[in-house]
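The structure is shown first.

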Amino acid sequence: MLPPILAKIPLRLLRPQATQQLRSLSYTMATNKSVVTQPTWYSPAKSTDEPVLRVYNSLTRSKDVFVPTNGRRVDWYNCGPTVYDSSHMGHARNYLTQDIVRRILRDYFSYDVNFVMNVTDIDDKIILRARESYLLDQAISSNPALSPELVSDVEAAFTKYLAKPLKSLTTPLEHPPNATSFEILDLLLQKDQSEAQWAKEAREREEKFGMYLASLSKARDAYNVAQQKVGKPEGEGQAVKDLVEGATDVLGPYLGEKLGHTITDPIAVCRRLASYWENAFFTDMARLRVLPPDTITRVSEYVPEIVSFVQRIIDNGFAYEGDGSIWFDVDKFEGAEGDGFRHEYAKLQPSSKGNKKLLDEGEGALTGSQGKRRPADFALWKAKSKPGEPAWPSPWGEGRPGWHIECSVMASAILGSGMDIHSGGVDLMFPHHDNELAQAEAYHGCKQWVNYFLHTGHLHIEGLKMSKSLKNFITIDEALQTYSARQLRLAFMLQIWNAKLDFKKDLIVDTKAKEETFDNFFTNVKARMTDAAARGPNEDGKHHYEEAEKSLMANFHKAQNDFRAALCDSFNTPAAIQTLLDLVSAVNLYFASRGREYNIAPVVTIAQWITRMLRMFGLGEGDVTSGQIGWGKEGDEVSGGDFEGKLDPYLRAMASFRDDIRRLAIEGATPGEILKLCDKFRDQDLANLGIQLDDGQSATGGALYKLVDPSILIRAREEKERAAAEKAEKKKAAEAKRIAQLEKGRVPPQEMFRPPNVAEGTYSAWDEQGLPTKDGEGQDLSKSLQKKVAKEWKVQEKAHGAWLAWQKEQEGK
């Protein structure tokens, strides 16, 4: 302890240097009477700054430093699907991309991500599709056979639907005054196919023009077939279904308008359709290895909360009632005074304010404008307009929520008056997300409800934008029949998440090449690990950590820094993947430079890190376990399942091979026969089991084995066999061609101009070599003809010599 006089001095009054000296003195006196001082410790200084995570924020159109408001917790709300049809590749791009970002935040940056996603199960599209599906099913079930009434309905529906493409034409289509709707369609199709410029302008004016023609053509074909079957035995059962399904696109809307009011429980009808497609959506997401949300909200389960939310917006002065609907007052909100701020409308896309086309699309096909004061105002609550539409009670009468209010309410119910991240597709930016922000900020009285808005880019297929409404989409199920979930995820990662992605052939080729690079790397590393283990520990007294190993580890540490910098740069996955590939190349170069004298330890460290990073992205399968290398495989743990059953095919192959070797040895087989059997064991039996043997590649000079996907080895073997067969076929054809050429020399040159080798009477005299001197009429041959036959004689002499040599060769065989 300090001397009494020094102990009385408050340390806060001393300079830092004096404080440190006093503490050292205290320690010296307390420990020992001899002079022992604690060495000075120097606070380290950073030699390299750590990159800071920045996120591209649609609210600022720039990359902003990411600052969660609740410590390590990240509150994230994601706009989920509107469930009325199959999930498609556009959904895959959106939800896979958000899953990748979510995994990066959770598993790389170690944030506690609270991920909330909604399911829109009340929407104009759902109401229309559910109503039409219900009535189409009714049409099938209520008509045991084709009836004139049903066929008439299809014709009427066809005529009504035909107005859609006709309305989009710049000039009316010329046709005879008494032309039927089907004849008018034929004229449309002829013009569309014969006049390219006309067809282009029609599609520019109405992007659904091509879809309209396709739907009409399909309906016409179904109608024509049905016409022939009405009143006949073949017009029963399946014929009804064929007509209704063939004419679905035109008949559905027609029946909806004609019979929609007859539906007694529209809420149940909508719920049935939405539930079916919601289950299909989450099944597709599971197949894509997308993590499930922490919380799922459904609009149909939050109607009371929506009513209360709307009432408070009215109370705050930002909404009004009109003909039973509640409208958000954009003019009142824009510029309204808050607590030290002014409200702003269209924060995300201010340039789209007043865009009538986008505003109308945001309201939905069933929403009218009754009671709306200004075009920019949008519906918070929609009054029930027709019988057969689903409706819920409210202070303003029966109705249903507007589309935009749904997310504002559900996100607020779970996350409160603000959140860190809100995400969705770029097509939702305006008006949906801008309206959502306005509603929430009007309700909470806050200046910023969302801190970071993330919008994933559009997906195009070979340059064309996908769209459900245009019916030019590829479903996720269809995509997974061609590509694996890993290939789709990796393909999306090769483009910046918020940029447009063109899913085309070149991208797939590049994706598969990169996947194969990682495949080969993992296979090679695991084979080298096995080989190193077989060698046993080094006993030569050397550390085997030379310049090559130091250089490799330097590459590794640089890659780790570059990888972090890439992900801090707004989740730049293309750069991150390239960093991993560059590191793979560095390991391959290391193996090539060291030959059999490689040190496996640094390689294992690198391979395990690459494994963890790829699995962090969701590219691997199974749990990430320390020490694993490779993609992994769901349920491939040896500790589980039937161990003997897993070993059985390997043991059978080994036992069979031993039996064959013993048989050959007993029969006195030649070394060549034994080697042939060894090759068969390598190329057939082991390849079928996923084992690749590389002869002479191990450190001891023996075979190096690698575990590879059997389908890859089988495919490689089949390609090799196919190449060998093609080579053999070409060789056979070449040999046949050679023999045919040799056969031309069978006739000696002395006989080539005599019958039967030429027609009788062609020549009448020959010299001693067999060259003709006179023609068939006894006239001397012209000089030019003499030269010609002499030249041919010389060619035949050479050919005959080759033929004689070949005959001698054949006799020797």
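Phe571 sits in the loop between α20 and α21.

Ser570 is found in the loop between α20 (547-568) and α21. Phi of Ser570 is near 55 degrees, again positive in a residue other than glycine. Ser570 counts as buried because its relative accessibility is 4%. Most residues other than glycine have a negative phi.

## Model and numbering

This is a predicted model, in which local features need pLDDT of at least 70 and side-chain atom pairs count only at pLDDT 80 or more, while totals for chains, interfaces and linings use all residues. Residues are numbered from 1 along each chain as its sequence is written, and side-chain values use heavy atoms, with hydrogens and water left out.

## Packing of α19 and α21

Helices here are DSSP runs (H or I, at least four residues), numbered from the N terminus. The axes of α19 (residues 505-535) and α21 (residues 573-594), lines fitted to C-alpha atoms over the stretch in contact, come within 11 Å and cross at roughly 40 degrees. The two helices are therefore oblique to each other (neither under 35, over 145 nor 65 to 115 degrees, on a scale from 0 to 180 between N-to-C directions).

Residues in contact (heavy atoms within 4.5 Å) include Phe518 and Phe521 of α19 and Leu581 and Phe591 of α21.

## Cis peptide bonds

The Phe430 to Pro431 bond is cis, with omega near 5 degrees; Pro431 is in helix α16 (residues 429-444). Pro755 and Pro756 are also joined by a cis bond, with omega about 10 degrees.

Definitions and conventions. Buried < 20%, exposed > 50% of the residue type's maximum accessible area, 1.4 Å probe, protein only.
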